[in-house]
Amino acid sequence: MKKIFFPVVVLELAVVLVFALFTFNSCTTTKAVKEDRAPLQLSRRILDQGQLTAEQLTAYFLSRNSTEDREHILQFAQYYIDEAAAEGINSDAAFAQMCLETGFLRFGGLVQPEFHNYCGLGAMDADHPGEIFPDEQTGVRAHIQHLQAYATKEETQLNKELVDPRYNWVHKTKYIETIYELAGTWAMDPQYGQKLEAILVNMENFSY
């Protein structure tokens, strides 16, 4: 019995040691991959391609406003990605601007939720509370088109039907390239660009 028992114990110990070494190496490799992963860097240029998916935009949004329905925000984020892609606009920057302008869809200012106005278009005072759009996708499209109007020269045409009522005025008089230049043009707040920057930094550092 002793001759049989001893090799079995040795074999079991060897299996345990191999498993422990494998687990340790696996964890070490996973940790190294996470540590070596390049930090997320989102573009601050208006004419650029966004990087975040609808799932990622939704996760970030809900971390700031958990009262919204996840499926609703997922579709809403997809509108931003699709409409931005159609016009060559940075969907990450546009989504960040929506978050700033609406307080993560809490609103509370002149613009009301039923306006489907996600960027403060036309909001000036009580007599001019802002433009009204028939549905969410149209409101998102108007936002994207207004950014395109700022970021392109007059000869650049839209790829989708025009829904932004202020598009042609801006397209003839304004030209910017980054989010920082939206301060003093889109909004009179001198810190507007830095506020957008802060949101984009949060989006970069968020654990997706």
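pLDDT is the predictor's confidence in each residue, from 0 to 100. This is a predicted model, in which local features need pLDDT of at least 70, side-chain atom pairs count only at pLDDT 80 or more, and totals for chains, interfaces and linings use all residues. Residues are numbered from 1 along each chain as its sequence is written, and side-chain values use heavy atoms, with hydrogens and water left out.

**Figure 1. The whole chain and its confidence.** Let us start with the overall picture: the chain has 7 helices and 0 strands, so its elements read α-α-α-α-α-α-α from the N terminus on. Helices (H or I, at least four residues) and strands (E, at least two) are DSSP runs, numbered from the N terminus. The mean pLDDT of the chain is 87, and 82% of its residues reach 70 or more. Two stretches call for care. Residues 1-6 stay under 50 in pLDDT, and the model has 1 contact for them beyond four places in sequence, where contact means heavy atoms within 4.5 Å. Where pLDDT is low, the predicted coordinates should not be read in detail. Of contacts between residues at least 6 apart in sequence, 54% join residues at least 24 apart.

Figure 2. A nonpolar core is a set of buried Ala, Val, Leu, Ile, Met, Phe, Trp, Tyr and Cys residues joined through side-chain atoms within 4.5 Å. Buried means under 20% relative accessible area, exposed over 50%, and partly exposed in between (1.4 Å probe, protein chains only). Of the 208 residues of the chain, 39% count as buried. The largest core has 52 residues, and those with the most contacts inside it are Phe-61, Tyr-80, Phe-95, Met-98, Leu-182 and Met-203. Two or more residues come from each of α2 (54-64), α3 (70-87), α4 (91-102), α5 (136-151), α6 (167-173) and α7 (192-205). Helix α3 gives the most, with 8 residues. Zoom in on Tyr-80 and, leaving aside residues up to four places away in sequence, you will find that it touches Ser-91, Ala-94, Phe-95, Met-98, Tyr-118, Val-140, His-143 and Ile-144.

Figure 3. Thr-58 is found in helix α2 and counts as buried, because its relative accessibility is 1%. Its side chain reaches the backbone nitrogen of Leu-74 at 3.5 Å. This is a polar contact: a pair of N or O atoms within 3.5 Å, where within protein one must be able to donate a hydrogen and the other to accept it, and residues adjacent in sequence count only if both atoms are side-chain atoms. Beyond four places in sequence, Thr-58 touches Arg-70, Ile-73, Leu-74 and Ala-77.

**Figure 4. Salt bridges between parts of the chain.** A salt bridge is a side-chain nitrogen of Lys or Arg within 4 Å of a carboxyl oxygen of Asp or Glu, and by this rule the count comes to 9. Glu-177 pairs with Arg-45, the closest N and O atoms being 3.9 Å apart. Glu-177 lies in the loop between α6 and α7 and Arg-45 in the loop between α1 (2-36) and α2, so the pair ties together parts that are 132 residues apart in sequence. Glu-177 is partly exposed at 34% relative accessibility, and Arg-45 is partly exposed at 39%. Arg-70 and Glu-55 meet at 2.3 Å, N to O, linking helix α3 to helix α2 across 15 residues. Here Arg-70 is partly exposed at 35% and Glu-55 is partly exposed at 42%. Arg-141 and Glu-83 meet at 2.9 Å, N to O, with Arg-141 in helix α5 and Glu-83 in helix α3, 58 residues apart. Both Arg-141 and Glu-83 are buried. Finally, Arg-44, Glu-197 and Glu-204 are linked in a network of salt bridges.

Figure 5. Cys-99 counts as buried at 1% relative accessibility, and Cys-119 counts as buried at 2%. The structure holds 0 disulfides, a disulfide being a pair of cysteine sulfur atoms within 2.5 Å.

**Figure 6. Met-124 in a loop.** Met-124 sits in the loop between α4 and α5 and counts as exposed, because its relative accessibility is 54%. Beyond four places in sequence, Met-124 touches Leu-110 and Arg-166. Met-124 and Leu-110 are 14 residues apart in sequence and 8.0 Å apart in space, C-alpha to C-alpha.
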